[in-house]
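Here are a few friendly notes to read alongside the model. Take them in any order you like.

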Amino acid sequence: MHVLFEEDGAFKTATILTDNEASLQVETATGKRAKIKSANVLLRYMEPSPGELLGRAESLAEGIETDFLWECAGDGEFSFCDFADEYFGGSGHKATPVEASALLLALHSAPVYFHRKGKGRFRKAPPDILAAALAGLEKKRQQALTVERMVGELKSFRLPPEFAPLLNQLLYKPDRNRFETRALETACAETGLSAPHLLEKCGAIPSASNYHLQRFLLEYFPRGIRFPDIEPPMPPAGLSRASVEAFSIDDAATTEIDDAFSLQTLPGVGWRVGIHIAAPCLAIAPDSPLGEIARERLSTVYMPGSKITMLPEAIVERFTLAAGRDCPALSLYLTVTPEFEIVAHETRIEVVPIVANLRHHDIEPLFNAQTLADGLSEFAFRDELRTLWHLANACEGRRGKPSSMQGNHDYNFSITGDPSDDESSRVEISERMRGSPLDKLVAELMIVANSTWGGVLAEKGIPAIYRAQSAGKVRMTTSPQAHDGLGVAQYAWSSSPLRRYVDLLNQWQLMACLNGDTPHFGAKSDALFAAMRDFELTYGAYAEFQRGMERYWCLRWLRQENVHIAEATVRRDNLVKLDSLPLIQRVNSAPELKPGQRIRLSIESVDYLTLELGCRYVETLDLAEKNAEEIDDTLEVIN
């Protein structure tokens with residue numbers, strides 16, 4: 001006697017060795033012996049052999065039409081054996097084991113038509129449920145055909161028409177429940193290309209720079225970068241007008257001019273140095289629409305050739321320290337002795353006349369380390385700059401730390417043409433060493449302002465957001481802690497309120513302190529801690545985006561200038577920096593070299609979408625020069 005039984009969702013056959021009512025000892029067609037439950041037995045039969053039954057049943061089941069089978073079945077629950085008797089012969093007919101098994105396989109393979117009710121028992125699906133299920137199957141079939149068509153188009157590098165309105169989603173936040181996403185994933189797997197590279201070949205990414213920009217905007221500016229229509233507020237009337245002639249020092253591209261300086265001689269005392277900071281806090285309240293915009297954006301976003309400002313252009317225009325205007329400002333006045341000691345300070349809210357916006361490219365040729373050593377020629381603000389520079393040197397000496405960013409490099413990216421048009425746009429990259437007298441002048445006076453105002457807030461017990469550094473780690477905190485890297489007791493960013501929310505927040509707190517008002521942000525304010533946390537995360541993300549876009553334009557420059565061989569300096573391990581570019585690159589083919597050694601690289605490949613640069617180590621320049629000298633010496637001996 002043989003049995004057909006179900007085990008682990010599959011049908012199997014075997015020969016009975018021992019029948020113990022509740023269980024059976026059986027031997028399968030492969031000779032394996034096993035113990036099975038009697039409840040799992042669906043059919044007992046004499047012939048054919050266990051090895052033949054299922055094969056013959058599968059052949060017979062292929063000829064059974066599911067629709068006709070459903071029509072033949074009654075409305076009640078039934079056993080497959082009883083139904084097989086009726087289906088294959090009618091009244092009085094006993095289905096053969098092969099026929100019964102074939103019907104079982106047909107019923108089991110059509111779960112839409114027949115619902116299982118137990119071991120070997122079924123019930124046909126009601127007409128309405130069957131119709132709905134068949135409609136769903138048809139829909140899936142049509143979707144499968146659509147996916148197949150899309151995959152074919154993508155593999156032929158043609159963009160399916162359904163993709164156009166979904167490109168941002170497909171590129172940056174794919175929804176795997178959509179069949180467009182499934183088609184893209186399938187095509188990527190079959191072509192070996194990533195989604196961006198495949199869509200680029202289909203013409204869906206005409207601009208790599210725009211690809212990177214849109215990815216950033218989708219995450220940080222999902223509602224777009226346009227500002228709502230808000231009337232620029234006016235600063236309060238009645239502010240006293242400072243009797244100074246202030247000037248700013250910035251690069252040519254700066255439009256958010258936050259800081260300016262003034263210098264007055266105090267007979268018998270020394271000088272009165274003014275540090276004047278733009279004061280949008282006078283007209284923008286924290287809970288106002290503009291305050292909420294600044295809170296949401298948290299900072300201006302910079303990228304080569306463009307920027308996304310924290311505040312609307314009209315607001316920036318109203319409060320920037322532009323030449324030829326009287327501008328509302330928070331002014332820190334320092335009383336400085338002839339020995340450049342700061343013996344007193346005073347803060348005022350006032351209107352400051354700005355007489356000039358000095359630009360680096362105009363002033364640095366006249367005011368630099370060499371011209372200071374040789375003796376300055378005559379030019380506007382010469383004496384003021386020289387005095388402030390001596391003050392900056394004294395401040396640096398008292399801190400016991402070198403000026404911020406000294407020895408680093410600035411890189412200016414000039415983009416001509418439409419940046420989103422990869423064909424017509426061009427990039428020029430210029431390098432400028434930090435730490436010039438102008439840099440030191442501005443940096444030191446900003447350190448004085450931020451540390452002094454941080455001290456004022458700390459002394460009055462008014463909460464603020466500080467930058468602290470200990471054990472080499474810089475962090476933001478609401479406590480006035482020391483900044484070891486700058487050598488100051490506390491440091492509260494307050495000097496860039498037009499482009500950083502933390503500075504604007506600290507300015508609100510400082511203004512309340514000066515006016516004797518209750519500060520908007522209390523000592524344990526959730527809003528203060530949330531602003532600090534959100535700013536730190538967002539500011540870091542904005543900086544990462546800026547570095548990414550700078551890397552993109554560096555890669556564009558390499559191809560634009562047809563650079564195939566480049567020189568670089570080793571930073572550490574196999575990490576190098578290419579000469580004259582803010583481009584850090586890992587070169588796995590380079591040997592183990594010391595930091596500072598210079599090498600020559602071969603530029604092998606550039607990928608604008610992944611921002612990957614393929615480089616190959618060619619030689620170490622120091623060794624190459626030594627080898628060249630040895631070769632010359634050898635030739636001289638031979639001659």
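1. Where does Ile-275 lie? Ile-275 is part of strand S11, which covers residues 270–278. Strands (E, at least two residues) and helices (H or I, at least four) are DSSP runs numbered from the N terminus.

2. A word on the source: this is a predicted model, in which local features need pLDDT of at least 70 and side-chain atom pairs count only at pLDDT 80 or more, while totals for chains, interfaces and linings use all residues. Residues are numbered from 1 along each chain as its sequence is written, and side-chain values use heavy atoms, with hydrogens and water left out.

3. Is Ile-275 buried or exposed? Ile-275 counts as buried because its relative accessible area is 0%; buried means under 20%, exposed over 50% and partly exposed in between, with a 1.4 Å probe and protein chains only. Beyond its neighbours within four places in sequence, Ile-275 has contacts that include Ala-260, Phe-261, Leu-445 and Met-446, a contact being heavy atoms within 4.5 Å. Ser-331 is another of these contacts; it sits 56 residues away along the chain, yet the two C-alpha atoms are separated by 5.6 Å.

4. Have a look at Ser-101 too, in helix H4 (residues 97–108). With 1% relative accessibility, Ser-101 is classed as buried. Neighbours within four places aside, Ser-101 touches Leu-4, Leu-43, Leu-53 and Ala-57.

5. Now for the whole chain. The protein chain holds 18 helices and 24 strands, and 47% of its 639 residues are buried. Of the contacts between residues at least 6 apart in sequence, 63% link residues at least 24 apart.

6. What are the spans of the C-alpha trace along its principal axes? They are about 130 × 90 × 50 Å. The radius of gyration is 39 Å, whereas a compact globule of 639 residues would have one near 26 Å; the radius is taken over C-alpha atoms, and the globule rule is 2.2 Å times the number of residues to the power 0.38.

7. Finally, the second largest pocket holds about 290 Å³ of space. A pocket is an open set of points on a 1 Å grid over the protein atoms alone, where a 1.4 Å probe fits, with protein on both sides within 12 Å along at least five of seven lines; lining residues have an atom within 4 Å of a point. This pocket has 14 lining residues, with Tyr-220, Phe-221, Arg-223, Glu-296 and Arg-297 nearest its centre. Helix H10 gives the largest share of the lining, 3 residues.

Technical notes:
Grid points are joined across faces, edges and corners, and a volume is the space filled by probe spheres set on the points.
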